[in-house]
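Subject: The structure you asked about

Hi,

Here is the structure for you to look through. Open it up first, then read on for what turned up in it.

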Amino acid sequence: MAWRAACIGLLLLAAPGLQAAPKAHDHGVASLSVAIDGRTLSIEFEAPLDSLLGFERPPRTDAERRSAVMLLALLHDGVRLFVPDADARCLPQPTTLQAPALQPGAHAAGDHADLLARISFHCGRPQALRSLKLGLFQAFDRLQRIDVQIVGPQGQHKASLRPPASMLNLQR
Ligand SMILES: [Zn+2]
């Protein structure tokens with residue numbers, strides 16, 4: 001699989017905000033925002049590339065390129081890492097991924113690089129959304145904490161997850 005074709009196929013978008021000087025982040029710590037608005041379940045997952053790949057610069061070897069392609073594919077197919085309650089009848093919508101360091105032709109820019117994934121679902125019975133099953137700690141063993149913010153019909157709350165947590169309660 002050609003690296004360039006893989007990236008284009010995965011809708012890897014240029015992100016002006018992320019292409020600017022990379023901000024400092026804590027390795028091992030990811031953030032997750034979950035919003036329920038009407039029938040739409042929106043998920044934003046942002047993590048240091050180090051925590052997902054083990055490196056934070058454009059891939060240099062074939063093995064690194066393969067790892068990057070696999071990472072993007074895994075996140076692009078959001079239902080492999082984020083599973084809403086079956087009763088809520090949620091259908092995945094197109095995912096967008098931003099990871100400037102993994103774009104074809106990218107040059108190393110600073111010491112840090114992030115990946116941002118926006119994943120959404122259209123839910124037939126959003127009132128049945130009670131939890132979200134997460135495969136993040138199982139997929140990424142460098143992750144040590146996920147800071148979560150949830151905004152739903154009942155208001156807003158926060159949570160902090162540590163391995164091996166795999167269930168996020170969406171209700172207060
Ligand atoms: Zn970093």
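In which sense do β7 and strand β10 (residues 167-169) pair, and over how many bridges? They pair in the antiparallel sense, over 3 bridges. (Two strands count as paired if DSSP finds at least two bridges between them. Strands are DSSP runs of E with at least two residues, helices are runs of H or I with at least four, and both are numbered from the N terminus.)

Before going further, please keep in mind that this is a predicted model: local features need pLDDT of at least 70, side-chain atom pairs count only at pLDDT 80 or more, and totals for chains, interfaces and linings use all residues. Residues are numbered from 1 along each chain as its sequence is written, and side-chain values use heavy atoms, with hydrogens and water left out.

**The whole chain**

The chain has 5 helices and 10 strands. Of its 172 residues, 45% are buried. (Buried means under 20% relative accessible area, exposed means over 50%, and partly exposed is in between, using a 1.4 Å probe and protein chains only.) If you take the contacts between residues at least 6 apart in sequence, 69% of them join residues at least 24 apart. (A contact here means heavy atoms within 4.5 Å.)

**The sheet**

Back to β7. Strand β3 (residues 82-84) also pairs with strand β7 (residues 131-134), in the antiparallel sense and over 3 bridges. Together this gives an open sheet of 3 strands in the order β3-β7-β10. β3 and β10 stand at the edges with a single partner strand each, so one side of each is left without a neighbour in the sheet. From one strand to the next, the twist averages 25 degrees. (For such angles, axes are lines fitted to C-alpha atoms, for helices over the stretch in contact, and the angles run from 0 to 180 degrees between N-to-C directions.)

If you want to trace the bridges, Phe-82 has Leu-134 in β7 as its bridge partner, and Leu-132 has Leu-168 in β10. Ser-131 is worth a click too: this residue is found in strand β7. Why does Ser-131 count as buried? Because its relative accessible area is 16%. Leaving aside residues up to four places away in sequence, Ser-131 touches Val-83, Pro-84, Asp-85, Met-167, Leu-168 and Leu-170.

**The disulfide**

A search of the whole structure finds 1 disulfide, a term that stands for a pair of cysteine sulfur atoms within 2.5 Å. The link of Cys-90 and Cys-123 is right-handed, with 105 degrees about the S-S bond. Both Cys-90 and Cys-123 are buried.

His-27, in the loop between α2 (16-19) and β1 (29-37), and His-112, in the loop between β5 (96-98) and β6, are 85 residues apart. His-27 counts as partly exposed because its relative accessibility is 37%. His-112 is partly exposed as well, at 22%.

**A helix and some loops**

(The expected span is 1.5 Å times one less than the number of residues.) Among the buried residues of α4 are Leu-71, Leu-72 and Leu-75.

In the loops, look at Arg-89, between β3 and β4. Its phi is near 50 degrees, a positive value in a residue other than glycine. Arg-89 is exposed, with a relative accessible area of 56%. The peptide bond from Pro-163 to Pro-164 is cis, with omega near 0 degrees. For background, most residues other than glycine have a negative phi, and most peptide bonds are trans.

Cheers
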